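User: I am new to this structure and would like a short walk through it. Could you show it to me, please?
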Amino acid sequence: AVLPSQALQVRRFTEDSAPPTLLRFDLNLNTSMLTLSFSEFVNGGSLDISAISLHDSQTPSISIKLSDGIITDTKVNSAYHIQLSARDVLLIKNSSAIATKQANTF
């Protein structure tokens, strides 16, 4: 640890101006788990599950908007596991157009 009296002033500071992007996601309906992997570290406490939608690849207007869930770790990380709500899992499982196979889950 560096004592405050020995700390150095930063000479050049460049603010992060590019937002993180979603690189991939994994959906496991057996465990009700959605895993999101980002391009950089993000604050898990800032993730808004209700802003996430799953879409059909052929008809993007067909979608399921997630309502709730639990982020299992809210520390700053580049990947997050979200325990989906029972309601959302039921909606996804009852859909014939979304998450029935890899090709129609976006």
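Predicted model: local features only at pLDDT ≥ 70, side-chain atom pairs only at ≥ 80, totals over all residues.

User: What is the strand order of the open sheet?
Analyst: The open sheet has four strands in the order 1-2-6-5, and the pairing is antiparallel.

User: And which strands stand at the edges?
Analyst: Those are strand 1 (22-28) and strand 5 (69-71). Each has a single partner strand, so one side of each lacks a neighbour in the sheet. On average, neighbouring strands of this sheet are turned by 20° against each other, direction ignored.

User: Over how many bridges do strand 5 and strand 6 pair?
Analyst: Strand 5 and strand 6 (residues 76-84) pair over three bridges, in the antiparallel sense. Isoleucine 71 stands opposite isoleucine 82 of strand 6.

User: Changing topic, which residues have the most contacts inside the largest nonpolar core?
Analyst: They are Leu34, Leu66, Ile82, Leu84 and Ile92, in a core of 19 residues. Strand 2 (33-43), strand 6 and helix 1 (86-94) each supply at least two residues of this core. Strand 2 gives the most, with four.

User: What does isoleucine 82 touch?
Analyst: Leaving aside residues up to four places away in sequence, its contacts include Leu34, Ile71 and Ser32.

User: Where is serine 32, and is that residue buried or exposed?
Analyst: Serine 32 lies in the loop between strand 1 and strand 2. Its relative accessibility is 16%, so serine 32 counts as buried. Serine 32 also has a positive phi of about 60°, although it is not a glycine.

User: What about the phi of alanine 99?
Analyst: Alanine 99 has a positive phi near 65°. Alanine 99 is in the segment after helix 1, and at 18% relative accessibility it counts as buried.

Notes:
Residues numbered from 1 in each chain as written. Heavy atoms only, no water. Pairing = 2+ DSSP bridges. Axes fitted to C-alpha atoms, helices over the stretch in contact; angles between N-to-C directions. Core = buried A, V, L, I, M, F, W, Y, C linked by side-chain atoms within 4.5 Å. Buried < 20%, exposed > 50% of the residue type's maximum accessible area, 1.4 Å probe, protein only. Contact = heavy atoms within 4.5 Å.
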